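Visitor: Please walk me through this structure. I'd like to know what the labels rest on, too.

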Amino acid sequence: MARSALLNVMTNAAFKAGRSLSRDFGEVQNLQVSVKGPGDFVTSADLRAEKIIKKELETARPGFGFLMEESGETKGTEPQNRWIVDPLDGTHNFMHGLPHFCTSIALEREGQIVAGVIYNPATDELFTAEKGQGAFANDTRMRVSARRELASSLISAHIPRLGQKNHKQALVEQAAVMRETSGVRCSGSTALDLAYVAAGRFDGTWQRGPQAWDFAAGMIMIREAGGYVTDLSGGQKLFETGTVLAGNEHIHRLLGDTVRKATKNQ
């Protein structure tokens, strides 16, 4: 598949970071791990990958700003353009030797996400999307699933850990969704959850608590794959609310109704 110059910049950065993560993943037992909050860890691998990505993107587009998980926000000389980066989404999977993690890079232009790249170096699977150009898993066009009923749907979710905000609420929602669907999966990576919805592997997802770098790239993939992405109320305040609801037209609506009803009855 021929990629645009923009996607080439993004994929090259993701590949270089991926090579670094792959080396560290092979030595996961020897990683230096520091605590940055209760149950919230950052590894030396995470920081190295972020540094690699920033260098690559700055070299290619020196005026663009950054919003990065570890180093925060950096203003650019072209304020209409901003990279949104998670160098290692699925840190806990990574630390435990589970090959379900990824690098996520999105470009925000004038407040809209216009391109996204998600790369899992453990499986060498690359997901890409650019506004108006479709979404791809490696070089295969992605489409959201065609299921129209929750009963046959497989749904992904993020359940905050005990003690975290929204933990009890998420459990109530999960119980409600499990009663209506064929199953719920908690994978440990929001970015890959969204990429999998775009690829039709999951029929839908709902998430409470993710940050912009967790879902920015996945948003455009689902939309370019024919799906719907909103906040949990059905609006477009994902960045403000830190909530995500995604699926095809039918599952997005049915899943949203189920989650909101569970919350209302809590």
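## Cores, strands and a pocket

Visitor: What does F127 touch, not counting residues up to four places away in sequence?

Guide: Quite a list: G116, V117, I118, F136, A137, M142, L192, A195, Y196, R201 and M221. Touching here is contact, which means heavy atoms within 4.5 Å. Bear in mind that this is a predicted model, where local features need pLDDT of at least 70, side-chain atom pairs count only at pLDDT 80 or more, and totals for chains, interfaces and linings use all residues.

Visitor: Which residues touch the most other members of the largest nonpolar core?

Guide: F127 again, together with I84, I118, M142, M221 and I222, out of 34 residues. Two or more residues each come from β6, β7, β8, β9, α5, α6 and β15, and α6 gives the most, with 9 residues. A second, separate core has 28 residues, among them L21, A45, V85 and A115.

Visitor: What makes a set of residues a nonpolar core?

Guide: The members are buried Ala, Val, Leu, Ile, Met, Phe, Trp, Tyr and Cys residues, joined through side-chain atoms within 4.5 Å. In soluble globular proteins, nonpolar side chains tend to be buried together.

Visitor: Why is E27 called partly exposed?

Guide: Buried means under 20% relative accessible area and exposed means over 50%, with partly exposed in between (1.4 Å probe, protein chains only). E27 has 45%, so it goes in the partly exposed class. You'll find E27 in the loop between α1 and β1.

Visitor: Why is β6 called largely enclosed by the rest of the structure?

Guide: Because 7 of its 8 residues are buried. The name itself is bookkeeping: helices (H or I, at least four residues) and strands (E, at least two) are DSSP runs, numbered from the N terminus.

Visitor: How do you know that β6 and β7 pair?

Guide: Two strands pair if DSSP finds at least two bridges between them. β6 and β7 have 7 bridges, in the antiparallel sense, so they count as a pair. E108 stands opposite I113 in β7. The two strands make a hairpin with 2 residues between them, and E110 in the turn has a positive phi of about 50°. β5 also runs antiparallel to β6, again over 7 bridges.

Visitor: What is the order of the open sheet of 5 strands?

Guide: β12-β11-β13-β15-β14, with mixed pairing. β12 and β14 are the edge strands, since each pairs on one side only. From one strand to the next, the twist averages 15°. Inside the sheet, β11 and β13 run parallel, joined by 3 bridges, and S156 stands opposite T205 in β13. Helix α6 packs on the sheet, touching β14 and β15, and its direction makes about 145° with that of β14. That angle compares N-to-C directions on a scale from 0 to 180 degrees, using lines fitted to C-alpha atoms, for helices over the stretch in contact.

Visitor: Which residues are the closest to the centre of the largest pocket?

Guide: H158, R161, Q164, G209 and D214, out of 37 lining residues. β2, β5, α3, α5, β13 and α6 each supply at least two residues of that lining.

Visitor: What makes a set of points a pocket?

Guide: On a 1 Å grid over the protein atoms alone, where a 1.4 Å probe fits, a pocket is an open set with protein on both sides within 12 Å along at least five of seven lines; lining residues have an atom within 4 Å of a point.

Conventions: Residues are numbered from 1 along each chain as its sequence is written. Side-chain values use heavy atoms; hydrogens and water are left out.
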